[in-house]
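Please open the structure in a viewer and keep the selection panel at hand. The stops below are meant to be taken in order.

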Number of protein chains: 2
Amino acid sequence: MQHKRATTQVEIHELIASRWSPRAFDPDKAVSLQDLTAVLEAARWAPSCFNDQPWRFVVCDKTSNLAAWQNALSVIAEKNQLWAKNAPVLILTVAMQNFNHNGKANRFAAYDTGAASLSLCLQANALGLITHQMGGFDADKARQVLNLPDDCTPMAMLALGYQAEANTLAEDFQAGEQAERSRAALEQRFYLGQWGEAFK
Amino acid sequence: MQHKRATTQVEIHELIASRWSPRAFDPDKAVSLQDLTAVLEAARWAPSCFNDQPWRFVVCDKTSNLAAWQNALSVIAEKNQLWAKNAPVLILTVAMQNFNHNGKANRFAAYDTGAASLSLCLQANALGLITHQMGGFDADKARQVLNLPDDCTPMAMLALGYQAEANTLAEDFQAGEQAERSRAALEQRFYLGQWGEAFK
């Protein structure tokens with residue numbers, strides 16, 4: 001089992017440092033209702049503009065609702081299905097386009113939904129679960145099969161479950177699963193005082 | 001000092017449960033370079049579509065660069081300035097509009113930037129710091145004063161610092177600071193199997 005801690009200049013909290021996005025899911029280990037509730041509660045308490053909570057999550061749990069899970073799997077890009085098919089839970093994350101309080105366009109909806117999703121992923125990590133979000137899915141098909149209204153935007157398909165050994169993956173994915181995690185250097189994304197001035 | 005833990009059906013990790021968005025910042029306590037680095041490192045290791053890391057953060061630290069901090073403060077909505085003026089660090093979070101690898105529009109940019117920002121907020125919480133994100137700022141003015149390029153979208157202004165007593169706030173904000181935190185019920189945002197089916 002791979003535990004791939006982030007490489008950082010100074011120490012960061014273990015819950016954040018140890019979260020990553022494996023593809024090797026154990027097809028034989030379901031997620032308990034209690035753990036599912038916990039990861040959703042973590043998402044629920046994320047911050048949002050005007051406390052609007054513009055996120056919606058559609059949980060498709062293979063154990064309790066096989067048809068829904070199959071619906072979710074069917075909208076995922078074929079290459080992703082090769083590994084996502086072993087995830088016992090697939091969750092579609094969705095952003096509402098308009099504010100609740102006035103019906104006007106909410107330009108922070110995706111931003112806030114991304115925060116809620118990360119909160120879910122970190123709580124999963126706390127429970128020994130793994131998560132992997134995908135942009136590679138058919139958003140229009142997701143609308144149909146999961147019955148979404150028009151005024152929302154499907155953002156990501158999130159696979160949730162337990163980690164398996166890398167060698168259970170299709171060969172194409174094994175090197176990636178075992179590679180070191182990487183990020184751009186801090187100064188390439190984080191600036192000091194104005195745009196382009198490297199943070200150090 | 002208010003510690004306002006989230007109310008949840010099942011237990012969630014303390015780091016997530018205890019994060020909230022106070023407005024009472026202590027104007028006399030600067031954030032150390034080590035702690036600033038840690039919160040940025042936490043953001044840096046957030047997940048993103050194609051590992052693009054579409055976020056950019058412009059850190060305006062009153063201690064090391066007063067002019068930059070004043071620039072940041074000046075773009076914040078007047079009502080927010082009443083409390084944000086006590087935050088020793090103001091950070092503009094920004095989403096790049098296009099993917100690095102092919103220059104095409106990245107529809108996940110705001111979503112991923114929101115995740116990185118929450119990661120920052122949670123690491124801040126781990127260090128005894130507080131954070132409060134604002135949508136209420138002049139994005140066009142932020143572009144000018146912080147020198148942003150055209151192909152990015154300013155998302156939020158994030159205040160970072162140490163918590164002060166609620167009674168140090170302007171009177172208008174004191175009740176909110178002391179009120180219980182609230183979120184919609186789980187079943188109003190989280191569905192099971194298809195849109196609208198309450199998760200329970």
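Begin by selecting strands β1 and β2 (residues 89-96) of chain A, which pair in the antiparallel sense over seven bridges. Two strands count as paired if DSSP finds at least two bridges between them. Helices (H or I, at least four residues) and strands (E, at least two) are DSSP runs, numbered from the N terminus. Within this pair, A:V59 stands opposite A:I91 in β2(A).

This is a predicted model, in which local features need pLDDT of at least 70 and side-chain atom pairs count only at pLDDT 80 or more, while totals for chains, interfaces and linings use all residues. Residues are numbered from 1 along each chain as its sequence is written, and chains are lettered from A and ligands numbered from 1 in the order in which they are written.

Seven of the seven residues of β1(A) are buried, a residue being buried if 20 or more other C-beta atoms, placed from the backbone, lie within 10 Å of its own. Both faces of the strand are covered: one side carries A:W55, A:F57, A:V59 and A:D61, and the other carries A:R56, A:V58 and A:C60.

β1(A) pairs with β5(B) in the parallel sense over three bridges. Here A:V58 stands opposite B:Y191, and A:V59 stands opposite B:L192.

Now widen the selection to the whole contact between the chains. How many residues does each chain give to the contact? The contact takes 62 residues from chain A and 62 residues from chain B, two residues being in contact if their C-beta atoms, placed from the backbone, lie within 7 Å. On the side of chain A that touches chain B, the elements giving two or more residues are α1 (14-17), α2 (33-44), β1 (55-61), α5 (109-126), β4 (152-161) and β5 (190-192). The largest share, twelve residues, comes from α5(A).

The same surface serves both copies, since 100% of the contact residues of chain A recur in chain B.

Finally, select residues 16-162 of chain A. The end C-alpha atoms of this span lie 18 Å apart, and the span is 37% helix and 20% strand.

Note on methods:
Buried ≥ 20, exposed ≤ 12 C-beta atoms within 10 Å, placed from the backbone.
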